[in-house]
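Q: I've got this one open and want to go through some strands. Can you walk me through it?

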There are 2 protein chains.
Amino acid sequence: MGSGRITIEDVAAAAGVSRQTVTRAMNGLPEISRRTRELVLRTAAELGYRPSRFASNLAARRKTRAVGLVLGSLRNPYYTELAAELLDVVAPRGWHVLMASHEQGDAVELVAALSGQADAIVGYFPGDEAALVAAARGVPLVQMERPATVPGMHAVVLDFDTAIEALLDELRARGARRFGLVELAAPAAGDGAGRYRPTFRRQAYERHAGPDSAAAVVVADESIRGGADGLARLRAAHPDVDTVLVFNDLMAMGAMQQAQLDGVAVPGDLRVVGVDGLSLGAVMTPPLSTLSIDRRALAEEAAGIVGTLLDGGEPPPHPSIVRTVTPRPLWRESA
Amino acid sequence: MGSGRITIEDVAAAAGVSRQTVTRAMNGLPEISRRTRELVLRTAAELGYRPSRFASNLAARRKTRAVGLVLGSLRNPYYTELAAELLDVVAPRGWHVLMASHEQGDAVELVAALSGQADAIVGYFPGDEAALVAAARGVPLVQMERPATVPGMHAVVLDFDTAIEALLDELRARGARRFGLVELAAPAAGDGAGRYRPTFRRQAYERHAGPDSAAAVVVADESIRGGADGLARLRAAHPDVDTVLVFNDLMAMGAMQQAQLDGVAVPGDLRVVGVDGLSLGAVMTPPLSTLSIDRRALAEEAAGIVGTLLDGGEPPPHPSIVRTVTPRPLWRESA
DNA sequence: AGCGTCGCCGTGAACGTTCACGGAACGCGA
DNA sequence: TCGCGTTCCGTGAACGTTCACGGCGACGCT
């Protein structure tokens with residue numbers, strides 16, 4: 001009983017063999033007899049021996065990569081579908097994925113915790129960028145839906161300006177006269193903690209929905225309930241709104257539910273369109289129109305950045321790598 | 001240019017300082033002057049130095065735990081909500097979570113890959129248990145919804161027998177006369193790869209739904225589309241079925257969608273009840289009744305097993321630890 | 001001048017495993 | 001008996017970092 005941990009030497013001593021023989025037994029290597037293998041395995045089990053994965057990986061010069069993924073919430077299908085895509089993208093390369101969400105703590109804490117276990121961290125990081133790269137302790141950060149402004153931080157951003165302009169044009173062609181927006185109360189990709197800052201979606205909306213539409217904005221929580229509540233408030237304050245854009249699909253589902261509750265016909269009385277492009281939107285009644293974000297593309301761009309950062313030339317190519325993905329309208333029946 | 005990797009010594013040499021000074025600079029430790037810290041940081045960046053997390057964790061005697069989580073799919077909210085719960089449960093303990101899903105490969109491969117990076121692996125493992133524990137190379141496995149039959153494998157199981165009996169009783173009280181079941185084609189928790197084996201849900205159904213109901217079973221894929229397709233086939237073959245139990249909520253959503261498409265009133269003409277208890281079921285029209293699985297309890301039991309296994313007395317307490325969770329009906333309007 | 005303190009920096013020795021060897025014991029044919 | 005191959009097993013030396021020291025100037029105080 002040295003200083004706590006049971007090492008390979010303890011097992012070797014107890015079994016009356018050498019280190020190397022224990023290794024052979026544990027890892028199923030050849031050059032060991034059936035008898036001793038079983039002996040070693042048995043005594044290892046009795047002692048409760050558990051190899052140190054750190055020592056093992058170090059000694060074996062294993063180059064296995066792990067990327068941390070920080071999401072807003074695992075209860076929002078958008079994030080989990082993004083996670084699914086990222087897994088699909090990085091699995092062929094043999095990378096592992098460490099998961100974390102904002103529900104577990106401050107982004108800076110999450111990054112700090114992850115930095116010891118991951119070779120790169122991608123995802124949504126609210127908070128001060130400088131603090132984030134400091135917490136990362138040298139492991140590269142790839143931020144989503146927010147441009148990178150400090151070295152060490154990279155990004156894949158969404159071009160909402162282009163996307164929302166096109167979306168609103170088409171909605172007008174379909175008869176929309178008065179727009180409204182259900183905006184996010186505490187932007188996941190925002191800057192300050194707790195402090196509200198208009199999201200890129202809102203900025204694009206206000207730029208393209210007409211001068212009088214900037215007033216028809218309510219903020220709501222990022223949940224089904226929040227979306228329902230938001231729509232109720234929006235309609236109370238602006239009864240003339242005939243087309244509402246909702247921050248994301250989850251909230252849009254809540255909004256549609258609320259509309260149904262209030263006897264408002266969708267899309268007859270009110271056009272509803274979300275953002276995200278969740279497949280679950282298709283099973284709503286009516287199916288939800290949405291500004292679809294190509295999560296596969298997001299994942300691929302992020303993985304691409306990580307790849308060039310990790311496997312690329314020794315010096316980091318550029319201060320910051322930024323790539324862009326443009327959302328596209330997905331017309332279903334709700335608008 | 002030793003043998004590829006840039007080590008701390010390379011940086012030290014390039015900066016004209018010692019190992020320890022580089023460590024101090026990289027980790028923000030005291031006992032170093034401002035000048036040299038910046039010098040070291042700069043040369044480290046130029047060289048593209050990236051500390052080995054394995055060496056670091058080993059030398060620092062860090063005891064950070066990581067648990068692997070193997071799920072069926074990240075596109076099924078049931079799994080991701082379970083993941084969310086597990087994260088919530090283990091985050092306070094400071095554990096990390098490595099994510100993997102069946103979509104990325106065979107469970108045995110996943111376990112083998114994860115075993116090098118995780119201290120324990122929990123989740124859904126189709127396939128031969130012995131092969132799984134072999135692939136785990138000593139790291140404990142906690143299996144969900146399937147009892148453990150070999151040492152090294154532990155489990156948290158679901159008591160569908162009790163739950164489904166109660167469910168069917170209540171459905172009969174509500175007027176159900178003829179039951180049907182949409183069963184899973186390729187059970188995630190099954191035994192063989194590809195080879196069909198009745199799930200515990202089906203076994204319980206057949207035991208309690210009456211002798212004539214065993215025939216009214218169709219198998220379908222684990223997806224919304226699969227559920228829709230399954231219901232269509234079930235109704236074609238058994239038009240007299242007035243109450244259908246669907247393997248999970250995702251498939252049940254598809255079934256409801258199909259019913260609506262076919263002009264079948266739910267619950268008027270057909271009662272539909274799923275399994276899982278997804279919160280998203282509440283936004284369906286009509287809201288989906290379901291046999292709710294307490295994912296928080298599942299996660300807590302799994303984490304509990306891992307905890308006793310890892311922190312417990314040196315010898316593993318028992319050949320196998322098995323804990324049970326009982327699903328409970330969640331009545332909404334679809335039944 | 002002597003002494004203690006403080007700030008900065010460097011040197012062995014871990015940490016727990018795997019890799020590349022080398023070597024003993026045994027069997028077998030010539 | 002010798003030679004040779006097989007099978008099994010053990011011994012340094014890595015792997016790349018952090019920890020616990022110890023050293024060495026500079027400075028201030030008595």
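This is a predicted model: local features need pLDDT of at least 70, side-chain atom pairs count only at pLDDT 80 or more; totals for chains, interfaces and linings use all residues.

Q: Which residues sit on each side of β1(B), buried or exposed?
A: On one side are Ala66(B), Gly68(B) and Val70(B), on the other Val67(B), Leu69(B) and Leu71(B), and all are buried. Buried means under 20% relative accessible area with a 1.4 Å probe, protein chains only. Strands are DSSP runs of E, at least two residues, and helices are runs of H or I, at least four, numbered from the N terminus.

Q: How many bridges join β1(B) to β2(B)?
A: Six, and the two strands run parallel. Strands pair if DSSP finds at least two bridges between them. Val70(B) stands opposite Ala100(B) in β2(B).

Q: And β3(B), how many bridges there?
A: Four bridges join β3(B), residues 120–123, to β1(B), also in parallel. Leu69(B) has Val122(B) as its bridge partner.

Q: Other topic. What is the strand order in the open sheet of six strands?
A: The order is β7-β6-β8-β9-β10-β12 in chain B, with mixed pairing. The edge strands are β7 (217–220) and β12 (328–330) of chain B.

Q: Which way do β9(B) and β10(B) pair?
A: In the parallel sense, over four bridges. Asp276(B) has Ser292(B) as its bridge partner in β10(B).

Notes:
Residues are numbered from 1 along each chain as its sequence is written. Chains are lettered from A and ligands numbered from 1 in the order in which they are written. Side-chain values use heavy atoms; hydrogens and water are left out. Buried means under 20% relative accessible area, exposed over 50%, partly exposed in between (1.4 Å probe, protein chains only).
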